[in-house]
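Please keep the sequence and the model open while reading.

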Amino acid sequence: MAREPSNPSFHVNWRLSMTSLYILLVAVVPGLAAAHGDRAGLRGRDQALANVQQEEVAARAESQEAGEATFQGSDPDALRSGDMIFLWANTQKRLDLDGTQVRATGTTPLGKPGFIIETEQSGIIGSGDSVFLRLHSGEYLGAVGGDVRVTGSTRGPIQEFTLETSEGGVVRVGDEIFLKSSLGDVDVDGEIVRTRPLADREQQSSRWPESQALLVQRLSYGSMHDVVGQDGVLMLTVNSTGQRERSLEALGQVGVFPVAFPATDAEVASKQSLDLACPLESPSSRTWCAEMGRSGSGCKNRAEQAITDSHRRALVAALYRGASDWTAIVEDDVMPVHPESFAAAFQQQWDNVPEEALIVRLGWCESDPNVGEVQDVSEPGEGKFRLVRKRWWTDAKGVAHFYSGGCTTGYIVHRSVIPELLQIFPCCCAIDCCLAKQVFHAHAVNSTGDAFGKWWGAHHLVDMDAVGSKEFSKNFTKFNQRGILVQEHRGKTSTVQG
């Protein structure tokens, strides 16, 4: 669905401080490579490589003459510029990063970022095309000094590979490909991924040696990825757990393939970094929060601080993503509701999301014992998923009050609102409380003055719920859950709970 939502400013009760500015400056996503490209001069391609390229050009021309529609048609298995792919060596290991070096050590693609293959021109990729392999971080792989490694965020001769197949023509999912650089051919020896010198080609018994064959895999991305992009579902997680693996498997079955986003670890994070997200409750934090006019007095413990910081950092990462204006952020223990029709139901309801929506929640909880029964009204629509914009509780006098709910199980956020969301940090309570107090219950600029219309959340927060989600998730947790994703706590608990 291609649309640009409006981005009205909301009134957030905060005062600009050097601390708030510093938050943006120190928002760093750990694990992203910061390697610098090798600036040494490159030798030109030798005659052997030129001959190979000329043969491929001729083969491709023959293929196009025989059926040019093959390259231009709607082949669902054809590889296209912008696809996220996974490359498997003949050792049955997936090419993965070990620091800044590429190694053949991976097993499952679930939860892992692949390589985004790009060409100078958009469209279907054919044998003989020049390609670039971009990481989820925005940096590119390149051939440097015999190694294949992260080289920086620009494209040039170092980052350029020629993709070839033994058959020529259109490159499809499941094909074996061969990557050739200006320094040599990409070759796998055990776990080592390197570029074999061009001079070795004359000594090879085959033009397509098994050690250089890479199998192309592309996951079957569902409708959510049509919104956020193939690398646009960030799963907050600290350690690999059985529950996380079950979540990844269940999500994969409905066409949702998250990329593991390294969450803040409460056990090792510094006090300074945690305080920038949410100060630990103390007399000084109570004074600061009161002076700032914010509800709360700080986070209760380091775990709450770490969860809050994890969402802050994920929002920063979402702000600088280039593939899509929408990013999904989910916990590492979520399970899909109605898996048999998840993708179709999501697409059906996403088409109905109003233009003014800036946050679409995928899962939340109703855990406040002080509000009693929570009621809501669905937006018009059919299917197993529904959209909810109006939710309320009623006090003893019969007065209805807007209710936003709690938890940060999963949500899709639009880039345009993220700078304003980052203004809520440092929070004065846990992240779900902070969002409710500082954002959802902030006064809307276009307030209508009634019980619902005066709040930001009533205008720009939309919940996507699954019919029967509360019953489906019963006993999963100690609180009531709603949404198309729910947290599963019956097994080992999430490493990031919230």
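Is Cys 429 buried or exposed? In this predicted model, Cys 429 has a relative accessible area of 10%, and because the cut-off for buried is under 20%, Cys 429 counts as buried. Its disulfide partner is Cys 433, which is partly exposed, with a relative accessible area of 26%.

**Disulfides**

The structure holds five disulfides, and when the bonded cysteines are counted along the chain, their pattern reads 1-3, 2-7, 4-5, 6-10, 8-9. Three of these links are set out below.

| Pair | S to S | Torsion about the S-S bond | Hand |
|---|---|---|---|
| Cys 278 and Cys 299 | 2.2 Å | 115° | right-handed |
| Cys 427 and Cys 434 | 2.2 Å | about -85° | left-handed |
| Cys 429 and Cys 433 | 2.1 Å | about -90° | left-handed |

The link of Cys 278 and Cys 299 is right-handed, with 115° about the S-S bond, and it connects distant parts of the chain, since Cys 278 sits in the loop between α6 (271-277) and α7 while Cys 299 sits in the loop between α7 and α8, 21 residues apart. Both of these cysteines are buried.

**Helix α7**

Helix α7 spans residues 283-292, and within it Ser 285, Cys 289 and Met 292 are buried. These three lie on the same side of α7, because they cover an arc of only 65° around the axis. On the other side of the helix, Pro 283, Ser 284, Ala 290 and Glu 291 are exposed. After α7 comes Gly 293, which has a positive phi, near 75°.

In soluble globular proteins, nonpolar side chains tend to be buried together. The largest nonpolar core here has 35 residues, and those with the most contacts inside it are Leu 315, Ile 359, Val 413, Phe 440 and Trp 456. Two or more residues of this core come from each of β13 (233-237), α8 (302-319), β21 (406-414), α10 (418-421) and α11 (431-440), and α8 gives the most, with seven residues. Another core, of 32 residues, lies apart from it and includes Leu 248, Val 337, Val 360 and Ile 484.

Key
Residues are numbered from 1 along each chain as its sequence is written. This is a predicted model: local features need pLDDT of at least 70, side-chain atom pairs count only at pLDDT 80 or more; totals for chains, interfaces and linings use all residues. Side-chain values use heavy atoms; hydrogens and water are left out. A nonpolar core is a set of buried Ala, Val, Leu, Ile, Met, Phe, Trp, Tyr and Cys residues joined through side-chain atoms within 4.5 Å. Buried means under 20% relative accessible area, exposed over 50%, partly exposed in between (1.4 Å probe, protein chains only). Helices (H or I, at least four residues) and strands (E, at least two) are DSSP runs, numbered from the N terminus. The arc is that of the directions from the helix axis to the C-beta atoms. A disulfide is a pair of cysteine sulfur atoms within 2.5 Å.
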